[in-house]
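Subject: Structure handover

Hello,

Here is the structure you will be working with. Please open it first and then read the notes below.

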Amino acid sequence: MKKPFSKFQALIPAALAAAALWTLASPAAAQQGVSKDEILVGTIQDLSGPLAGYGKQARNGLQLRVDEINEQGGIHGRKIKLLVEDSGYDPKKAVLAAQKLVNQDKIFIMAGHIGTAQNNAAMPVQFEKKIVNFMPLTAAREMYEPLNPLKFAMLSAYYDQMRIAVPRMVKEKNAKKVCAIYQDDEFGLEVLRGAEAGMKTINMELVEKTSFKRGATDFSSQVARMKGAGCDMVVLGTIIRETIGTIAESRKTSFNPVFLGSVAAYTDLIHKLGGKAMDGMYATMTVQNPYLDEASQPLRFWANKYKTKFNEDPTVFSAYGYVIMDLFIRAAQKAGPGLNTDSFVKSMDTMTVPPDIFGTPEQKFTPTKHLGSDASRLSQLQDGKWKVVSDYFK
C-alpha cells in the first residue's frame, strides 16, 4: 500500500524551482546595495543636533567625491548613490537611521558615520546584515577594536594621540605641572587615560584632574582649581564650546598655560567663535583644515572647488568626508566588477593608500590591522588659523 503524498513532498518541486531561479540570478543581484549600474552608500550624520556643522560638512565632502567619480563613469560602470540619514547626534536615532538604511534602502556599506556612541549603537544593526562600518568619524578605539572583518577606521585613537603628544609637549615646553580638564564621558575619559599613560612614560603624573558634565557652559571652578595648582600645561578633553569656555575663562583670570587639545578640538570653529583668545592653543590632528588661501596649490584648488559647489568654505570635516569616499572608491575599484562584501573586505585587507593633498599619512590595512594609521601630528592656532607645527609621530 502506497504512503499518502504529503504536503511537504508537494512543496518540493516549487522549492527546487525557486532554488533554480536563485542560482540563475546574477551575482550582482545577490549582493545588497550593488546592482548592474549602481552602488548604494549610506551615511549617518548629525544634521540637526549639536554637531550639525560637522555633519553637513562631512556629507558635502562625501558628495563632492561621489560627483567626481560619477562624472568619470563610476566604478566598473556603476554610479555611486549616497543616502544620508540624520541622527541628531542621538544614539537612539542612529539606530533608527541604520535600520532604515540597512533594511529599507538596502545599502552596500556605511561610510563616515559620525559619533562614538552613535556608531556603537548602530553597528549591530549593520553587522546582522553583513554591512561594513567604513571609516567612522570618531577616534574611539571601538571603531577598530576588537578586530572585526566589518570594521575599518582611519583616525588614530584619542588615547594614542594624547599618550604620545603629551610627553612630547612636556619636554618641548619644559612643563613642570600638568593638569587635565575633561568631559565626564567616554570621550573625555579616553583623552584623560591617554594623557595619564603618556605622563607615566616620563615618570610624571597629572597634578590636577577636573571634569565637567556634557553641555556645561561655566568652567570658572575648574579653571580656578587648575590655576590654584600652578599648572603650566593643560590637557583638554573638550570639543568646541568647552574648549572655548575653558581658554576664555583662563585668559580672563590671567592664567596662561600651554593648552593641548585632541583632534576633537581641531576645528575652524574654535578660532571663528573664540576669537583672538584662542591663539596659541595646540591640538593633535591628521587631516589638514583646508583654507581658501592655503599655500599648497592642490589644496587651495580643492578648497575653491568645494566653495564653488556648496557656496561655503570647507572645513576639516569636509576633507574627512572627501578622504573617506576616496578610500571607498579605491577599494571598490580594486575589488573588481564582482563587487560584494567579501571581495571588498579582501580588497581592504591588502590596501595601502599614499599620503594625500590634506597631508593624511600613508594608510595601510592588513587582515589583522583595520586601522589605517596610528600616526598623528600637532597644529597650533596662530593669528586665527591652524598651522601644522610637527611631523607625524606614533
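Two strands count as paired if DSSP finds at least two bridges between them. Helices (H or I, at least four residues) and strands (E, at least two) are DSSP runs, numbered from the N terminus. The model is predicted: local features need pLDDT of at least 70, side-chain atom pairs count only at pLDDT 80 or more, and totals for chains, interfaces and linings use all residues. Residues are numbered from 1 along each chain as its sequence is written, and side-chain values use heavy atoms, with hydrogens and water left out.

The sheet: strand E13 (residues 377-382) pairs with E14 in the antiparallel sense over 4 bridges. Both belong to an open sheet of 7 strands with mixed pairing, in the order E7-E6-E8-E9-E10-E13-E14. At its edges are strand E7 (208-212) and strand E14 (385-388), each pairing on one side only.

Helices on the sheet: helix H7 (residues 186-200) lies across strand E6 (178-183), E7 and strand E8 (233-237), and runs at about 160° to E6. Angles run from 0 to 180 degrees between N-to-C directions, and axes are lines fitted to C-alpha atoms, for helices over the stretch in contact. Contact means heavy atoms within 4.5 Å. Helix H8 (residues 220-228) also packs on the sheet, where H8 touches E6, E7 and E8.

A helix pair: helix H4 (residues 91-104) and helix H5 (residues 116-128) pack at about 30°, their axes 8 Å apart. Residues in this contact include Pro91 and Ala94 of H4 and Ala117 and Gln118 of H5.

Regards
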